[in-house]
Amino acid sequence: MGTFPPRPCGLATFTADVAASLRNAGDVVVVASLVEASGHGLDGATYELVQSSEESAVAVATLLSNDVDVVLIQHEFGIFDGRGSAVLRALTDNLTVPYVVTLHTVLAQFERWQVRALAAPLAGAALVFVFSDEAVALVTSQFADLASKCCVVPHAAPAALFGRSRDGVRERMNLAEHTMVISTFGLLSPSKGIEHVIRAMPAVRQRVSDVVYLVAGRTHPEVVRRKGERYRESLVALAHALGVDDIVRFRDWFHDDDELTVLLHATDLFVTPYSDAEQIVSGALSFAIAAGVPFVSTPYRYATGLARQGCGLTVPFGDDGALGDAVTRALTENELRHEMAARATAVSAARSWPQVGQLIHGLLDHVIDLRWAEVVHDVDRSASVLSMRMPRPMAMAMAMATDAAVLLV
């Protein structure tokens, strides 16, 4: 359960990737799409849950409880009725099958309303998925009862990104082979900090004569709804004012996996100048390291963790000079760039969707095993019957599970 294509957001893409990876692992997957209004008729989604409607949540929970063995909920605060918890509670309180929650936002200190929104749904979850060991520590420090069921499931990337190849990609993008390519992709919003890279480009250009900065992605729909294209227009105007509009190029559309693969395989250095220090995961940065691309970034949590592993460099928030220096260093010091690229490849080696899909499959299979063990225990208190149906150890479930299960994403 989560937002789902064609809704243009990273979470929708993530939900679709989880669904595909579980199908590839042999599971039967039912998708319940969170929508802003009913009647969308989304391809690939069996159910629609209107994200502001408790009645819709109750109805979908009832249908799912009769249809699936386990529910996997993708959670972001913004898609479950904003600050309220009523829709999420209506869903989880009315499910009679076990459910698992993937937390896409984890903060060092959740606000009170966020704790209230999550407390009961997380307490009732069979497992809670997060993207890093740091996220486990942050969650369990604030929700002590989750210590035994909080699991790391790394953010995966499409298999096509792995095994980076430059063959033909520069030609497809009308780029010369010798041009140094910097890129950023994702839905644009002021929190992405693209202006800082643009301000750094005059200094970068002085020291790297043949360089281009590609900004790939459309403006976030919520930003367009509230403020139109003012942010993008301000970036274009800034590039023009600084005299770098010939090397700062905007690719103003939502890129599919094939286009992202071409973009990243053509990229020498990825940049994420985000302003949110608490950001615990970045799908864009996950994709970049999967493609073996080193990065320069502001020190938000996810980037800092990867920089510690040698995949990239971080610079202080809002420091355009330091950003320009780091970008220049990465582009001109070939040995450093190649070392960071090699570390990125090593760190992301087990993060392709087929591999992560198998991990999720094993964990959900374990949840189903636990449910059936409880059913058998309720039906027959006999120790002999129970011993035959006891759940497999979680490690075995992750490594060896092959049974098909009916799942909801």
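Where pLDDT is low, predicted coordinates should not be read in detail. The protein chain averages a pLDDT of 88, and 89% of the residues score at least 70.

This is a predicted model: local features need pLDDT of at least 70, side-chain atom pairs count only at pLDDT 80 or more, and totals for chains, interfaces and linings use all residues. Residues are numbered from 1 along each chain as its sequence is written, and side-chain values use heavy atoms, without hydrogens and water.

Rings of Phe, Tyr and Trp (its six-membered ring) pair if their centres lie within 6.5 Å; planes under 30 degrees apart count as stacked, over 60 as edge-to-face and the rest as tilted. The count comes to 8 aromatic pairs. Two of these are tabulated.

| Pair | Centre to centre | Angle of planes | Class |
|---|---|---|---|
| F14 and F131 | 5.7 Å | 90° | edge-to-face |
| Y274 and Y300 | 5.2 Å | 20° | stacked |

F14 sits in helix α1 (residues 10–24) and F131 in the loop between β6 (127–130) and α5 (133–142), so their pair ties together parts 117 residues apart in sequence. Helices (H or I, at least four residues) and strands (E, at least two) are DSSP runs, numbered from the N terminus.

Conventions. pLDDT is the predictor's confidence in each residue, from 0 to 100.
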